[in-house]
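This briefing is meant to be read beside the sequence and the coordinates. Please keep both in view while going through the points.

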Amino acid sequence: MAQPDNKKFFENLTGAGKAIAVLTSGGDAQGMNAAVRAVVRMGIYVGAKVYFVHEGYQGMVDGGDNIKEAKWESVSSMLQVGGTVIGSARCKDFRTHEGRLKAAHNLVKRGITNLCVIGGDGSLTGANLFREEWSGLLAELVQQNLIDEEAAQKYSALHIVGMVGSIDNDFCGTDMTIGTDSALHRIIEVVDAIMTTAQSHQRTFVLEVMGRHCGYLALVSALACGADWVLIPEMPPEDGWEEKMCQKLSAKRAGMKRLNIIIVAEGAIDRNNQPITSEHVKNLVVQCLGFDTRVTILGHVQRGGTPSAFDRILASRMGVEAVLALLETTANTPACVVSLCGNQSVRLPLMECVQMTQQVQKAMDEKRFEEAVRLRGRSFENNLRTYKLLAHRKPESELPHSNYNVAVLNVGAPAAGMNAAVRSAVRVGISEGHKMFAVSDGFEGFYKGQIKEVKWADVGGWTGQGGSLLGTKRTLPAKYIEKIAEQMRKYNINALLVIGGFEAYLGIMELLAARGIYEELCVPMVMVPATVSNNVPGSDLSIGADTALNAITDTCDRIKQSASGTKHRVFIIETMGGYCGYLASVGGLAAGADAAYIYEEPFDIRDLQSNVEHLTEKMKTSIQRGLILRNENSNENYTTDFIYQLYSEEGRGVFDCRKNVLGHMQQGGAPSPFDRNFGTKIAAKAMQWITKKLNESYRQGRVFANTEDSACLLGMRRRAMVFQPVVQLKDETDFVHRIPKEQWWLKLRPLMKILAKYKTSYDVSDSGQLEHVALNRPRESEVSAAI
């Protein structure tokens, strides 16, 4: 733990006397408004003046009313709005020297020397050029008597921080750009809808998705819906692909599958850099197979709609980080982009990222496709590797034969994405030569012998289904250890993959404790966290939590909208999570809540009173709606009813109250693209670990694994996926309240308070280091690659 005197708090940074301008440029992306809102509120919070630049660079060149000072209330109710409310335009004038001179004049007139640009690589390159020319532009303005020497001295340096807003996710250096997750939501909604009509008519659908010269959207949506074929520009198909594709589609139909889905990136090319169009693919299928085939071009639907919870949180975190970066820049600091790496925000030199992005295109033009994939980054590489592993089944003759039997089971409450994880585990296991067994109803089904072998085709179409198709129970194994050992002996189970929540974690511990008595339990075991509560130690994220967050965010949006046009109203909303405040806190950040009450941050009547007073003050301005989230077990006495009654009484005459308990709707529904993708990749990685451990522990004709590291939990930690022995996680766990002792997301809570105008302390020790873009990374086998 860092000593308090080494910690850095943002209260010590001040924006007094500084002016920050925020603009959105290039193509719009969902979540841009959340980023604008965060920049404006964080800027005002630290005492800076913040300006909107309307219509992107065009507004900066034209000046006048296009550059307006922003107030706190200016960004109310824009968090849930798609696109960009301050407008975006592609600007030819800014590409000229005269245009940039006008823009510089307009900024200096208002004393603006800090620029926050939200856009793609073109917009950010333009901003960097502007920064490099700045001193020359000011000298010209002095020469033309448009500004005086004193102003030129005072505003001598222009500071730039970029945020990447683009649905294409084509910017190197960041795992996810603002808007990508929302675009995936739109694509997956359409694919799920198309699947039902395709099934009815036994049709083949060719879907064209956006992405320009980047295949990220096509690749991830193919992974998330289990598409039969995907065509992307970074990895063109081998010559003769047409015949292979038709053979695969034909084999799927012969196997009683009633539909085929082919996903084509709009920039898809063949090995000779010739475009492959969706129409061409359709004609191929019709000519070769005679299947009833339709084309659906998704187009601008992918840019529209409300931003997902992930994009709102990402944009809010990036917006706050961008203001911190601007406060800390000096005249020598290079222009940077704030970016996401694993689960952490980082700062990277803007031009390093831009140059690497341009290298991808160059590699593709020169037909160095392997290099292009590597340059896209570890997230893209990982997705492609997993898709190849799962989509194309090798013939029996090519499969290795391991003679190992691996069992997969779900334990605990259902979580969206569990089925994607089971599908992935089964298919990777079969590819590695194992016999895969599915256990129904968790440990209860295990001791009852509800175990059956599963084949490749048995898990087809599982990715998009919510809940747990295997069935899941909360039963722990301790009472039934003898029977479970008996079943493991009967089916000769050599390894276990347990997908579930806190019960799964406790279950593996109980199995471990019994290893001394039952030799059958001395096998490799791995747990993959899957719970909406996100309360499993050893992992920052769990399968299912993103879907639950989206359910909370969507419901909060609707609830807030129900009050539009009425008098001032405050909503008290109760979320799930047991004692873990993840859903309430992160859901609160995504929905723009005023407060979130959780167990991990004790609160008393004085806190409740100050929250009421704070809301009362806000209601006297133009803000009409308040949103309070409460975790179900945050306090046994300050119940949701108590808080509702307190707010109703104290707010009498200023606002009225409504309460809502969200309940099990947070556990249901189709999994979000993130959960499908996360479940698929984490389970594939777990199965590869199992294979490695089986080979290591095979002695004298049998598997015997009794070491600490033969029972692990696979979790996402900051930037990497890490296998951690379950025994070592004991000290990190609060077993009474079923939560980890330290939780990363508690660091996000001050953001919610700052954006809701509360004075608070915010530890920014992790921020501020300008890193470099890693080009030559070790291979996946040498390093845990994050998702």
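Predicted model: local features only at pLDDT ≥ 70, side-chain atom pairs only at ≥ 80, totals over all residues.

Residues are numbered from 1 along each chain as its sequence is written, and side-chain values use heavy atoms, with hydrogens and water left out. Helices (H or I, at least four residues) and strands (E, at least two) are DSSP runs numbered from the N terminus.

**The parallel sheet**

- Four strands form an open sheet in the order β18-β19-β17-β20, with parallel pairing, where two strands pair if DSSP finds at least two bridges between them.
- Strands β18 (595-597) and β20 (656-661) stand at the edges with a single partner strand each, so one side of each is left without a neighbour in the sheet.
- From one strand to the next the twist averages 20 degrees, with angles running from 0 to 180 degrees between N-to-C directions and axes being lines fitted to C-alpha atoms, for helices over the stretch in contact.
- Strand β17 (residues 569-575) pairs with strand β19 (residues 625-631) in the parallel sense over seven bridges; Ile-573 stands opposite Leu-629, and Ile-572 stands opposite Ile-628.
- Strand β17 also runs parallel to β20, to which six bridges join it, and Arg-569 has Asp-656 of β20 as its bridge partner.
- Seven of the seven residues of β17 are buried, so this strand is largely enclosed by the rest of the structure; buried means under 20% relative accessible area, exposed over 50% and partly exposed in between (1.4 Å probe, protein chains only).
- Both faces of β17 are covered, with Arg-569, Phe-571, Ile-573 and Thr-575 buried on one side and Val-570, Ile-572 and Glu-574 buried on the other.

**Helices on the sheet**

- Helix α19 (residues 582-591) lies across β17, β18 and β19 and runs at about 160 degrees to β19, while helix α21 (residues 640-650) packs on the sheet, touching β17, β18, β19 and β20, with its direction making about 165 degrees with that of β20.
- Helix α19 is mostly covered, ten of its ten residues being buried, and these pack against α10 (309-328), α18 (545-561), β17, β18, β19 and α23 (749-755), contact meaning heavy atoms within 4.5 Å.
- Just after α19, Gly-592 takes a positive phi of about 75 degrees.

**Helix α7**

- Ten of the ten residues of helix α7 (residues 216-225) are buried, so the helix is largely enclosed by the rest of the structure.
- The cover over the buried residues of α7 includes α6 (180-201), β6 (204-209), β7 (229-231), β8 (260-265), α13 (378-391) and α22 (673-697).

**The α3 and α4 pair**

- The axes of helix α3 (residues 97-109) and helix α4 (residues 121-143) come within 9 Å and cross at roughly 75 degrees.
- Asn-128 is found in helix α4 and is buried, with a relative accessible area of 6%; leaving aside neighbours within four places in sequence, Asn-128 is in contact with Ile-160, Ala-335, Leu-350 and Met-351.

**Nonpolar cores**

- A nonpolar core is a set of buried Ala, Val, Leu, Ile, Met, Phe, Trp, Tyr and Cys residues joined through side-chain atoms within 4.5 Å.
- The largest such core has 157 residues, and those with the most contacts inside it are Met-163, Ile-263 and Leu-497; its largest share, 13 residues, comes from α10.
- A second, separate core of 53 residues includes Met-60, Leu-141, Val-164 and Val-360.
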